[in-house]
Each structure stands twice: as structure tokens, then as C-alpha cells.
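I opened the model today and kept notes as I went. Here they are, in the order I looked things up.

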Amino acid sequence: MTVTRMPSTMLAQAGSTRAGSGYERYFRGALDQLHGERRYRVFADIERISGRFPTAKWRQPDGKTAEITVWCSNDYLGMGQHKEVVAAMTETVARCGVGAGGTRNIAGNNSPLVDLERELADLHGKEAGLVFTSGYVSNQAGISTIAKLIPDCLILSDAFNHNSMIEGVRHSGCAKKIFRHNDLRHLEELLQEAGDRPKLIVFESVYSMDGDVAPIGAICDLADRYGAMTYLDEVHAVGLYGARGGGIAERDGVMHRVDVIEGTLAKGFGCVGGYITASAAICDAVRSFAPGFIFTTALPPAVAAAARASVRYLKRSGVERAAHQRQAAATKAALTEAGLPVLDTETHIVPVMVGDAELCKAAADHLLEHHAIYIQPINYPTVPRGTERLRITPSPFHDAGHIARLAAALSETWQALDLPRAGTVFVEAAE
Ligand SMILES: Cc1ncc(COP(=O)(O)O)c(C=O)c1O
């Protein structure tokens, strides 16, 4: 959100006088509550610099700018500035213009979008792909529509699923059961209890806050045994894992066993948009019935072309994936060596635990103001209270110098604010 300063003459005609109508107090009250719970969010004003990732410009509250290093971007591989991706976008925008011209129902397909869907279907070894305006929308629209079209469907949902999946489950109106995170025994109990009715298991491959990974093959075994369908969110894995960037399911050799694979074009692929890939019938049914697909303007052709260039590039190049894993491992090693409470993850995500909302924000502010390092604090409701953290995402562009400076800056910050060290047990606070 951006708050604009208006001249007083305009203010007199605008919303602020209408505050007298009495409604304004509800919004102020809600914000006061967030402040009171120490979880009001402030976004830094950052401008990315193409060709110099992870360096960016930070516009400070007084309007001055400073160069900073970004350590929390989900443009995991820096593909947002890759020359083939930038070229695809600029060439397509020059050829096709900026917008898509409408929803696909009104304005038809645009060819780059059709090509992108073919590329994505091929990436995951599926018959078809369907692109949405974001990964969030693809989950919300995909899960809700698929489940609604299955009579008497019971959804089995991992306890740590992302909000977009939870909203998809909720919008389906179907019965649901939540299984304990990555707990195969609990999932099996629920499948057994459900009996013969149709069942849909929804889960993620890489869980983005703790950086852990689902046992996809074992979940597919259970799905086979109990006759369930599977829906997998690979948002934090596409582009990053597997020989062609197909995600953890590709890495584990189980892509063909998952019914629906969902992903984003915004993280590993560095663009924007989301998608599902599945059988032709599933994608066609979602295309035909999902309001989140039907009633919103399509992704612009230039974005689709850029995303396709990124997907194509990462299918043939593993250099970025290898460098990403190498730099993530080097970052974890350096922070662990410095005695920081790094959560032991098996992926590229490096959470450093703080365990308190106010201290987490103070640490982020200190890093930005004293060390020109930007890491957004992660607080409730993104993570449970008591497990607040800094979520660090190394990329192939964070070199040894960046890592050494990060370790030194975090050590100084931990000392200055007297934050908990490695060995501390972080417990979720009771709600
Ligand atoms: C697991 C998961 N799924 C879906 C999304 C939404 O993806 P997008 O950012 O493309 O809307 C996110 C966003 O961070 C996510 O973490």
C-alpha cells in the first residue's frame, strides 16, 4: 500500500472528511489491533536494478536512495533479469502491445499464452496446461473447481498448506480433513476412515517457510491404495529441482503419478502468473467452470512469452540450479558457523529463527539501516506465533563476498539486539 499526501483543499473533498460518517473508525480500529499485536507490516520501497541482482535501490522514508543487497527475493534464480527472458518480453511487447485485451472468453487466446501452456504441459509430462494470472489464483480456482466437479468429494489437505490452497478447499464447499504435516500415518488413517467416497489429496512439494519436502512418492502410494486423486503445489520447486526444472516430483521420478501439478511463473521462472498441468479433461473442465479463470483478463502476451522463454531456458540449462544449491549450502554453513539459529532445511530456503514478532521486525530494520541488507521479517499469520523468523533465500548471484557480509551483519545484529542463538528451542505460542 502507498499512502499519498494530498493538499488540504483536496482532502476537504476526499475521503478524509467522510471519516465523519463514522465508518473510518472500523479501519483505524483494525489497524490499531495489528499494531497492538506487533504484526503491522511495513514494506520497504525497493527498486530492482536489471543486470545487478541482488543489488537494488532502497528509497528511504526521507526520499533519499541507497544501494542495498536483497536476501529475500523469490526470484530464486534471478531469471527476472535473464537476457533471453528480457528479450522475449521486449520483443513481444513491441509486436503485440501491452495488455491481453480481455478475458479469454471475451477476447480469445493470445498465441504466446497457448505456446506457454504447451511448454508447461511438456515440462510436467502432462496432456495439457492451463495458465492463470497468479499461482494464488491457480490454486484457489483449480482446487475449488476440481473438487466441486467430483460428487461427494472429501478433500484431504496438509496442515501446512499455503493460504491459496486453503481458500481453494474452502471455496469448493466440499467436506475436508486436515492431515498433520507430512504425516503419512495420519493421512492413511483419514483415507481409511473415508471409505469408498471420492477423495482428493492436496499438498505441496517444498514448504516455503520451513524449507522441508513432502514424501510425494509415498503419498502417491497411499492415493493408489485408497483410490484418491492427487493435487500437488510445486510453487517453490519449479525451475529449481529436477533435470529440466519440473520440480521435486521430477527429481523423485514421480511426476507421472501425480494427477494435477500446479506451479507459479513468478518465483523460479522470474515472471508472473500461475498454472495447473493435468489430463486434457481436467484442464478443459477447469477452463470451462472456474470463475477465477473465466472472469478475469488473461496474462498479457509479453508476460507469457517471457515466462515461456524462462521455462524453455531452464529445461536445457542446469547451471543455475547447481549454483543455486551451492550458494544456499554455503550460506547455511556460514550462518551455522556464526552460531545463528538456522533451521536445518533440505532445500534452498534458509530460515533464521527469532521467535518474537517485535524483535524480528527490529532485526530486519537494523539490517537495513546499519548493513544495507534487506530481509523481510516473517511474522504471524504467515508462521505460527513464537516461530517468527528471517527467511533468507540465496540465489546463484549471491557470491562468497555477499555471504561473508551477511554472516557478519547477522552476527552484529544478533549481538546488538541480544537475540536467541543456535540451540534455542522455538515453541509455537498457544492461540
Ligand atoms: C505454496 C504457495 N503456493 C502458491 C503461492 C502463490 O503463488 P503466486 O505468488 O504466483 O501467486 C505461493 C506464494 O508465495 C506459495 O507459497
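**The cores**

I began with the largest nonpolar core, which has 55 residues; I201, F203, I216 and L265 have the most contacts inside it. Helix α14 gives the most, with seven residues. I noted that this is a predicted model.

**S138**

I moved to helix α7 (residues 135-148), where S138 lies. Is S138 buried or exposed? S138 has 0% relative accessibility, so I put it down as buried; the cut-off for buried is under 20%.

I then checked the polar partners of S138. The side chains of S138 and E262 are joined by a polar contact of 2.7 Å. A polar atom of the S138 side chain also lies 2.7 Å from the backbone oxygen of G135. Not counting residues up to four places away in sequence, S138 touches F132, I143, Y231, E262, G263, G274, Y275 and I276.

I looked for nonpolar side chains at the surface. Y23, Y26 and F27 make a nonpolar surface patch of about 400 Å². F27 sits in helix α3 (residues 24-36). Its relative accessibility is 55%, so F27 counts as exposed.

Then I turned to P61, in the loop between β2 (55-59) and β3 (65-70). P61 is exposed, with a relative accessible area of 85%. How far apart in space are P61 and A44? They are 9.0 Å apart, C-alpha to C-alpha, and 17 residues apart in sequence.

**Salt bridges**

Side chains of opposite charge can pair when their charged atoms come close. I wanted the count in this model, and the structure holds 30 salt bridges. I looked up several.

R385 and E37 meet through their side chains in a salt bridge of 3.2 Å, N to O. This pair links distant parts of the chain, 348 residues apart. R385 is in the loop between β13 (377-378) and β14 (389-392), while E37 is in the loop between α3 and β1 (45-48). R385 is partly exposed at 25% relative accessible area. E37 is partly exposed too, at 29% relative accessibility.

R59 and D45 form a salt bridge of 2.9 Å, N to O. R59 belongs to strand β2 and D45 to strand β1, 14 residues apart. R59 is partly exposed, with a relative accessible area of 48%. D45 is partly exposed as well, with 34%.

In the salt bridge between D221 and R257, the closest N and O atoms are 2.8 Å apart. D221 lies in helix α10 and R257 in the loop between α11 and β9 (260-264), so the pair ties together parts 36 residues apart in sequence. D221 is partly exposed, with a relative accessible area of 36%. R257 counts as partly exposed at 25% relative accessibility.

My last entry is a network. Salt bridges link D115, R118, E119, D122, R244, R308, R312 and K315 in it.

Conventions: Residues are numbered from 1 along each chain as its sequence is written. This is a predicted model: local features need pLDDT of at least 70, side-chain atom pairs count only at pLDDT 80 or more; totals for chains, interfaces and linings use all residues. Side-chain values use heavy atoms; hydrogens and water are left out. Helices (H or I, at least four residues) and strands (E, at least two) are DSSP runs, numbered from the N terminus. Buried means under 20% relative accessible area, exposed over 50%, partly exposed in between (1.4 Å probe, protein chains only). A polar contact is a pair of N or O atoms within 3.5 Å; within protein, one must be able to donate a hydrogen and the other to accept it, and residues adjacent in sequence count only if both atoms are side-chain atoms. Contact means heavy atoms within 4.5 Å. Patches are made of residues with over 30% relative accessible area and no salt bridge: like charges are joined within 9 Å, nonpolar side chains (Val, Leu, Ile, Met, Phe, Trp, Tyr) within 5 Å. Accessible areas come from the Shrake-Rupley method with a 1.4 Å probe; for residues, only the protein chains shown count as cover. A salt bridge is a side-chain nitrogen of Lys or Arg within 4 Å of a carboxyl oxygen of Asp or Glu. A nonpolar core is a set of buried Ala, Val, Leu, Ile, Met, Phe, Trp, Tyr and Cys residues joined through side-chain atoms within 4.5 Å.
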